[in-house]
8 protein chains.
Amino acid sequence: MKERELHQLLDLVRLGALPPDRAVARLKHLPFEKGKTPGQVAEIVRSMLRHKASRQNILITRADAAIFKAVRRANPSAKSTAKFHSLSGVITIERSREITGKGQIFVVSAGTSDIPVAEEALLTARMMGNRAEPLYDVGVAGIHRLLEHREKLAAARVIICVAGMEGALPSVVGGLVGVPVIAVPTSTGYGASFGGVAALLGMLNSCASNVTVVNIDNGFGAACVASCINRL
Amino acid sequence: MKERELHQLLDLVRLGALPPDRAVARLKHLPFEKGKTPGQVAEIVRSMLRHKASRQNILITRADAAIFKAVRRANPSAKSTAKFHSLSGVITIERSREITGKGQIFVVSAGTSDIPVAEEALLTARMMGNRAEPLYDVGVAGIHRLLEHREKLAAARVIICVAGMEGALPSVVGGLVGVPVIAVPTSTGYGASFGGVAALLGMLNSCASNVTVVNIDNGFGAACVASCINRL
Amino acid sequence: MKERELHQLLDLVRLGALPPDRAVARLKHLPFEKGKTPGQVAEIVRSMLRHKASRQNILITRADAAIFKAVRRANPSAKSTAKFHSLSGVITIERSREITGKGQIFVVSAGTSDIPVAEEALLTARMMGNRAEPLYDVGVAGIHRLLEHREKLAAARVIICVAGMEGALPSVVGGLVGVPVIAVPTSTGYGASFGGVAALLGMLNSCASNVTVVNIDNGFGAACVASCINRL
Amino acid sequence: MKERELHQLLDLVRLGALPPDRAVARLKHLPFEKGKTPGQVAEIVRSMLRHKASRQNILITRADAAIFKAVRRANPSAKSTAKFHSLSGVITIERSREITGKGQIFVVSAGTSDIPVAEEALLTARMMGNRAEPLYDVGVAGIHRLLEHREKLAAARVIICVAGMEGALPSVVGGLVGVPVIAVPTSTGYGASFGGVAALLGMLNSCASNVTVVNIDNGFGAACVASCINRL
Amino acid sequence: MKERELHQLLDLVRLGALPPDRAVARLKHLPFEKGKTPGQVAEIVRSMLRHKASRQNILITRADAAIFKAVRRANPSAKSTAKFHSLSGVITIERSREITGKGQIFVVSAGTSDIPVAEEALLTARMMGNRAEPLYDVGVAGIHRLLEHREKLAAARVIICVAGMEGALPSVVGGLVGVPVIAVPTSTGYGASFGGVAALLGMLNSCASNVTVVNIDNGFGAACVASCINRL
Amino acid sequence: MKERELHQLLDLVRLGALPPDRAVARLKHLPFEKGKTPGQVAEIVRSMLRHKASRQNILITRADAAIFKAVRRANPSAKSTAKFHSLSGVITIERSREITGKGQIFVVSAGTSDIPVAEEALLTARMMGNRAEPLYDVGVAGIHRLLEHREKLAAARVIICVAGMEGALPSVVGGLVGVPVIAVPTSTGYGASFGGVAALLGMLNSCASNVTVVNIDNGFGAACVASCINRL
Amino acid sequence: MKERELHQLLDLVRLGALPPDRAVARLKHLPFEKGKTPGQVAEIVRSMLRHKASRQNILITRADAAIFKAVRRANPSAKSTAKFHSLSGVITIERSREITGKGQIFVVSAGTSDIPVAEEALLTARMMGNRAEPLYDVGVAGIHRLLEHREKLAAARVIICVAGMEGALPSVVGGLVGVPVIAVPTSTGYGASFGGVAALLGMLNSCASNVTVVNIDNGFGAACVASCINRL
Amino acid sequence: MKERELHQLLDLVRLGALPPDRAVARLKHLPFEKGKTPGQVAEIVRSMLRHKASRQNILITRADAAIFKAVRRANPSAKSTAKFHSLSGVITIERSREITGKGQIFVVSAGTSDIPVAEEALLTARMMGNRAEPLYDVGVAGIHRLLEHREKLAAARVIICVAGMEGALPSVVGGLVGVPVIAVPTSTGYGASFGGVAALLGMLNSCASNVTVVNIDNGFGAACVASCINRL
């Protein structure tokens, strides 16, 4: 269903049901998410780039190589800055390197399966003007690897914690730091992981008192909240 | 099961399984939560008050009149400051009025059924050194009442949003402000509310990008996170 | 499974298990729903058009371009009136413009992902002889856009409200008007949206007292009920 | 939790957190629902009766004999009109017999266990100014009893259909009439009825196209919707 | 996973892990169910046909045209009797027309979507030596069509009742007859039908006392039970 | 809710909403189930006993000592025959010992916790005119105890199989016999038994092809079906 | 339902449905579990103590002070050895101190709420002839406390790990040791803990490869398995 | 998501985010699981084989013919030892035949559909240095076949029990032996098997006291635990 969104938006404009300026408003309002059809994404990026005064970064999540190709072809001037991050399916067009977040955001994750969601969070946080660093491969079944990085974590202002399976990482991380931890359950796993529900429930029941939770696989949303906190 | 916790803690101390200083550490570590048996709560409060150097506020959630009576009798010196908040079942012993949170926390709720959880959040936030104000009775089915308070909300640094039923309030509030919104689903409702699950799912799927979620009825936890953010 | 229905109906007729007039009765009884195989749909449309006396409109939901092509080819006389609505996958053959509904039906929706279901409802309502207008892109996280249209809503006799995610829109709309609101949850979203369950539960727990609910993605059914009410 | 609502409302007024006129507004706005503590209910009824100009009927759902006694004692002038309906736990104070609904509402139910919810719907519909009649004990496992009343049903403008267990009644009734059917699942049954979920799902999947659904046991809500439709 | 079964059985034989006679025993024991890969099915059918003394009928469920082709080619002697029933995906090889069931089995179903499962039940019942007749298209939303066939139903010794959506048909049928009704929920429907769970729950909560239930879509199993009863 | 049924039935009669003969019809139609209030049950039993011509047995399920006392006091003539079966909470008044069932029904159960439901089934089967015998304490974790009784089972015409926990007994029993097995899941167990859901699912997925299932704890219903089969 | 078990067992004996030696066999077979009614438990303990040759320890789980009193009164000879463990509701009668387990079992738990289940496991393990030690209050949100005990854990042959909330402890413990970890989810928590389901799912998805799981709150079962492993 | 893991690991190494030795550590640490892309798997196997001193066996689960081809081509020296087990999708490269487990592990399974998971468990157990034997096709509906093998089972030190559908096998097996039984639910079945949930719940509620459970389809994990126990 997601894949029809952009298509529909354009159709609505074509049919006169949605005024063009309203469509632009929608597109400008949020980092651009969930683009799928190459031509459509390219079209929208082109219109966003036309607003040269704006120096807002552009973020396209859940993209693929075909979309990246279209974005590059359609926007020659963007060639130098458009980047495709294949691990997470994110395209970034960086137009400003201004840092507006006050502190450091860490994106911590457990298994290699969780990295796509973690990267989506990391890149979103950066595109929104935050200093953000990854700390991957620190699952709770090998607790010493996480503890080796304790000092690093202590320097964070906000932590995004991405985990699937039993979703235990945020509790451990939350116990090690005094700053807010945004927990993101991932849909990795099989059987009784129920597409991320096991991790989601684990995080909602976290015994650490500085943990809050966003939807399953919502790396983008976690970064929005983290960025919002980091601007306070 | 909750009601056995305190009892067990004391038994463990009596049986030598838990060293007294460790028990004290546990009790000091967090605002005191979920005390139930009057004698036990009074005992613990007394030991906490003995640490006169400490000026930490004491918070007892999910209490009742009997517990309050025991707390008052056992701690005559506290008589003037111990207060029982019957709406939320919270007892507070305020030993310090120092404000350590940087901004204002608002606790917003929809229906009258949500007020006990909202009050738990409000009092917890205050006991932890935050300026915190309530904004109740602003459900989404009467949207103008919420909009009347838009300026007030704009002054908040963090918002706690407590709602049962369809859990729609955080989405609307999140769209009105630019600060983090901590959503607390409540177990009010009946039938297909499934003890707060409907509200929980609604909040996890919020279309506002600055909303995160804590467990059902967890007013205490929401205030911990909000306080943690407000100290940044 | 759905896709076999038509096929089976025709097989049953061929095998003598279902008398032809009974099959025709079935097809005439309801607006024609869920046709999938181009040849079959075309066949049925042809038989329906043969009843020239009837001026009943024909509605084919969940169709695609191939089905539309078959419908057009098989029914040259219908060429001028058969229309394919790609946003919703609906084909309409309008044989009568008579308005039998007494008032105005509004179809309100939140996100662009909800538009296919909203359009299915809109077109069904129109084909059933109602004046029906869309009001899209009025999600609760941008509440002012909805409020701008308050007068429009006040003119409705019945409102169909289509929303996914947290399903909060019907509560807000229900609070703004005094007429019945038919809520349609959609299966948009991911993770804890559970294919529309979050929106469904939200709507069943709506705090507005004029809201009733139909099945997930059932735009067709919502329009049937709305039309039924509008003929009272 | 429900039982605390009224108490809290009054406490809020006492504490100054809720202005009295706002409390009155809340109480006047809707028929009075879910009162529990006898003294509180009596207090509110007294304040409502003070508005002599108003001729609005008063409805107290989920009441018991103690509440009824308090209502009668506190409001001697109402003695003649206050009635306690023990089947449904509803108290009615009828101040106006004006019929504002245009047609007849029928409340149909299957088993004797469903009657409390059916009666709540029936009395609510009547207090809201509708002609409303019951048709009970017409379960689908004895289909002829329902069919005997087919003419009666044909005279209805709206039908409320209350059923637990498999929730099949609305489908059968919906197929017999051409008017809207508001289905109310009840929490009767045991085991795999899951407190009304089986009936709720059955009704959401109804194969009749004029059926919509409200929350489990929500007789009050069904009557609100039916009344809203009946005033169109 | 199902599709690997046959393959594995043969591999096990090849690897010596399963003695051939045991494999044959398995295949002979039950009507042959759920064959998928054409070559494998043909192989097994061939080995079964080799037991010429046996006059047991052969039943292959969930087959397709390719499997049918392979069965026909590999078993020329069976050419005349092997039949493919495309509605249900069943292949039958009838080697005996002996009727061992004492009475008549009726297979009743509601919507056209339910027919594949109903046909699976019908053909299984017949292959097991029962007189079995279909009665389709008698959904509860058009109750009179079912009632027209009441005499026919009265002649049944066992009834298999196949229904999706709200699963209400068995309750109505159970109320009309005095013989056992085997209810088969189907996975038709969408949204809140949850793949047949709504129908399953409806049937388990049937208010008719002669209804029992088998798994979702288990037409084969329902016929086994019905046949077992019919031989008593 | 169940406990209000009888009360309501009588109220309805008193209020004229239900004609007395209809009430009697309801009471006569089925063995009397789920009576709770002693006076009401006694009243109904008395009216049933007045029909002296009838020799129908009377069955009261889910009763207790108080109800039994009332039944005995109100019906002195019944004193000699009314029996209270405390294991299952069933009262039986045997007026006829005629055996109308053709064969033997066995009620098999696993753990001692399952016996109340098993006894409800056993007594119901007997009151309906069947030869019925218990076979308890034959759980699958001690399989040899069950196998010792294999010959006994082989003599059954229908088997009712009552089991909680993992609900495995019907599969094993079904594999040992060739007659229909009616499986009754019980709500015994704790934690992941989910009030009988684990047993229910186990039974629906039984690998034995002669097993059908009724609702959780529905010993009465299982006996109705078994009796219905045994009369064929 | 549990509380009726013993009662029923005795009734069955009295009624002749269960031979006394079989009842004794049941009671001897397993450590005696879930006794509730004081008189019954005392009766059974008395009969078990009569077998003086046996030196088997007796274990009564889920008991209370009244049961303990009855056990003591009825069995004067046992007075010196019968002990009531109020934390876990377990009564032990130690008749043998023989150690049959080869190594050390550790029972590790997180929160104070989990201690009743942990103690049930600990005492069961000891009564079954194992060296078993507790290690409580080592939750994952304070990871260093657990790590302080790493050497102790390294000495274990089997570990029982009891945790509620997010159920994360077994993963961390499993990563620290090379021996089997039996995970026991507890029903502590509220809201989205769903009575232990969150912890259960977390444990089933554990990322440590030496973790297996038993039912919610099943401390007794975990100790049975651990004891079984420890005797290998 | 699983299929991206390996890819990501390599990308991380290429991007410098994961030091090569850490990647190697990960790959060496556990038997290599869930490799999907042929080139990647081959690459990793090649690097593992380079550590010639190591004699650790290599295990690739969930592989296919293409992966096997790549493994063989890329590692000519492994040609003689790499084997593809098509039933389970496992590739084994046996470099050591040393037996480190003390006793015999049996892998017992019920239906042919369960064999892929059973084989994954069997091969994993063997690659980890255990004597492990299969015992397949011993479902509970044909209990005598299982009982024929009772002596064989009695010789086991640990039993892995793989079953789908109702998951009853571990209870029966657990009752026959005195050693630990590791139960693996499988996702076979349809309808109310809910992808293995029915079997999972059945196993968690097993009435045998020596049964523990791992995640659905987790043959690999069951073998890890069994191997861990077998080394004690």
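Reader: What's in chain A, in helices and strands?
Author: This is a predicted model, and chain A in it has 10 helices and eight strands.

Reader: OK. How much of chain A is buried?
Author: Buried residues account for 66% of its 232 residues.

Reader: And the contacts in chain A, what share of them join residues at least 24 apart?
Author: That share is 70%, counting contacts between residues at least 6 apart in sequence.

Reader: Let's do the open sheet in chain A. What's the strand order?
Author: The order is β1-β3-β2, three strands with antiparallel pairing. The edges are β1 (58-60) and β2 (82-85) of chain A, each of which pairs on one side only. From one strand to the next, the twist averages 15 degrees.

Reader: How many bridges hold β2(A) and β3 of chain A?
Author: Four, in the antiparallel sense, with β3 of chain A covering residues 90-93.

Reader: Which strands does helix α3 of chain A touch?
Author: Helix α3 (residues 38-50) packs on the sheet and touches β1 and β3 of chain A. Its direction makes about 170 degrees with that of β1(A).

Reader: And where does α5 of chain A lie?
Author: Helix α5 (residues 115-127) lies across β1, β2 and β3 of chain A, and runs at about 15 degrees to β3(A).

Reader: Switching to chain D. What do β2(D) and β3(D) form?
Author: They form a hairpin, with four residues between the strands. Strand β2 (residues 82-85) and strand β3 (residues 90-93) of chain D pair in the antiparallel sense over four bridges. In that pairing Lys83(D) stands opposite Thr92(D).

Reader: Which residue in the turn has a positive phi?
Author: Gly89(D) does, with a phi of about 70 degrees.

Reader: What about phi of Phe194(H)?
Author: Phi of Phe194(H) is positive too, near 45 degrees. Phe194(H) sits in the loop between β7 (181-185) and α9 of chain H, and at 35% relative accessibility this residue counts as partly exposed.

Reader: And α9 of chain H itself, why is it largely enclosed?
Author: Because eight of the eight residues of helix α9 (residues 197-204) of chain H are buried, the rest of the structure largely encloses this helix. Among the buried residues of α9(H) are Val197(H), Leu200(H), Leu201(H), Met203(H) and Leu204(H).

Reader: Now helix packing. How do α5 and α10 of chain G cross?
Author: The axes of helix α5 (residues 115-127) and helix α10 (residues 219-230) of chain G come within 7 Å and cross at roughly 35 degrees. The crossing of α5(G) and α10(G) is right-handed.

Reader: Which residues meet there?
Author: From α5(G) you get Val117(G), Glu120(G), Ala121(G), Thr124(G) and Ala125(G), and they meet Gly219(G), Phe220(G) and Ala223(G) in α10(G). The residues of this contact divide into five nonpolar, two polar and one charged.

Reader: Electrostatics next. How many salt bridges over all chains?
Author: The structure holds 39.

Reader: What does Glu120(B) meet in a salt bridge?
Author: The side chain of Arg62(B), at 4.0 Å from N to O. Glu120(B) is in helix α5 (residues 115-127) of chain B and Arg62(B) is in the loop between β1 (58-60) and α4 (65-74) of chain B, so the pair ties together parts that are 58 residues apart in sequence.

Reader: Is Glu120(B) buried or exposed?
Author: Glu120(B) is buried, at a relative accessible area of 5%. Arg62(B) counts as partly exposed, with 25% relative accessibility.

Reader: What about Asp137(A), which partner does it have in a salt bridge?
Author: Arg145(A), with the closest N and O atoms 3.7 Å apart. Asp137(A) and Arg145(A) are both buried.

Reader: One more: what does Arg126(B) form a salt bridge with?
Author: Its partner is Glu133(B), and the closest N and O atoms are 3.8 Å apart. Arg126(B) counts as partly exposed at 32% relative accessibility, and Glu133(B) counts as partly exposed at 37%.

Notes
Residues are numbered from 1 along each chain as its sequence is written. Chains are lettered from A and ligands numbered from 1 in the order in which they are written. This is a predicted model: local features need pLDDT of at least 70, side-chain atom pairs count only at pLDDT 80 or more; totals for chains, interfaces and linings use all residues. Side-chain values use heavy atoms; hydrogens and water are left out. Buried means under 20% relative accessible area, exposed over 50%, partly exposed in between (1.4 Å probe, protein chains only). Helices (H or I, at least four residues) and strands (E, at least two) are DSSP runs, numbered from the N terminus. Two strands pair if DSSP finds at least two bridges between them. Axes are lines fitted to C-alpha atoms, for helices over the stretch in contact, and angles run from 0 to 180 degrees between N-to-C directions. Contact means heavy atoms within 4.5 Å. A crossing is left-handed if the near helix is turned anticlockwise from the far one by less than a right angle, and right-handed if clockwise. Ala, Val, Leu, Ile, Met, Phe, Trp, Tyr, Cys and Pro count as nonpolar, Asp, Glu, Lys and Arg as charged, and the others, Gly among them, as polar.
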